[in-house]
Amino acid sequence: MKYSRKVSKEEAQKNAVFIDKPKLKLFPELGKEFKIKIGKKNVSAHINAVSCTCVGPEKPHEHYYLHLFSSLQFKKGQKVSISKKSPKSDFEMKISK
Ligand SMILES: [Zn+2]
């Protein structure tokens, strides 16, 4: 699998990567801790749900974000790509400057 995004202002503020709902199935279940290789480091991560009313209070729903347990700080405009080469391999994250 491969999932790529450009970091938005909101994601930089939250220091998390937005995960499109249809792509959630590519990742471990919500709240479950897993590892992502970033360069030579193995960083713990999880995906959590944040309730949202961006399409109006009558249509509450959830947005999903990938959080890293790391001091790494995402910056607006960076390109983040997350890949997993096979079901048994680790997740890997590449972040553009
Ligand atoms: Zn929303």
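This is a predicted model: local features need pLDDT of at least 70, side-chain atom pairs count only at pLDDT 80 or more; totals for chains, interfaces and linings use all residues.

Student: OK, so in what order do the strands of the open sheet come?

Tutor: There are 7 strands, in the order β1-β6-β7-β3-β4-β5-β2, and the pairing is mixed. β1 (2-6) and β2 are the edge strands, each pairing on one side only. From one strand to the next, the twist averages 30 degrees.

Student: Which way do β3 and β7 run, parallel or antiparallel?

Tutor: Parallel: 3 bridges join β3 to β7, residues 91-95. On the other pairing, β3 (residues 34-38) runs antiparallel to β4 (residues 41-52), with 5 bridges.

Student: What does Lys37 stand opposite in β4?

Tutor: Asn42. Lys37 also stands opposite Glu92 in β7.

Student: And the hairpin of β3 and β4, how many residues sit between the strands?

Tutor: 2 residues, and Gly39 in that hairpin takes a positive phi near 60 degrees.

Student: Switching topic: which residues make up the largest nonpolar core?

Tutor: It has 7 residues: Ala16, Val17, Ile19, Phe27, Ala45, Ile47 and Leu66. β2 (16-19) and β4 are the elements that give two or more residues to this core, and β2 gives the most, with 3 residues.

Student: What does Ala16 touch, leaving out residues up to four places away in sequence?

Tutor: Ala16 touches Glu11, Tyr65, Leu66 and His67. Of those, Leu66 is also in the core.

Methods
Residues are numbered from 1 along each chain as its sequence is written. Two strands pair if DSSP finds at least two bridges between them. Helices (H or I, at least four residues) and strands (E, at least two) are DSSP runs, numbered from the N terminus. A nonpolar core is a set of buried Ala, Val, Leu, Ile, Met, Phe, Trp, Tyr and Cys residues joined through C-beta atoms within 7 Å. A residue is buried if 20 or more other C-beta atoms lie within 10 Å of its own, exposed if 12 or fewer, and partly exposed in between; C-beta atoms are placed from the backbone. Two residues are in contact if their C-beta atoms, placed from the backbone, lie within 7 Å. Axes are lines fitted to C-alpha atoms, for helices over the stretch in contact, and angles run from 0 to 180 degrees between N-to-C directions.
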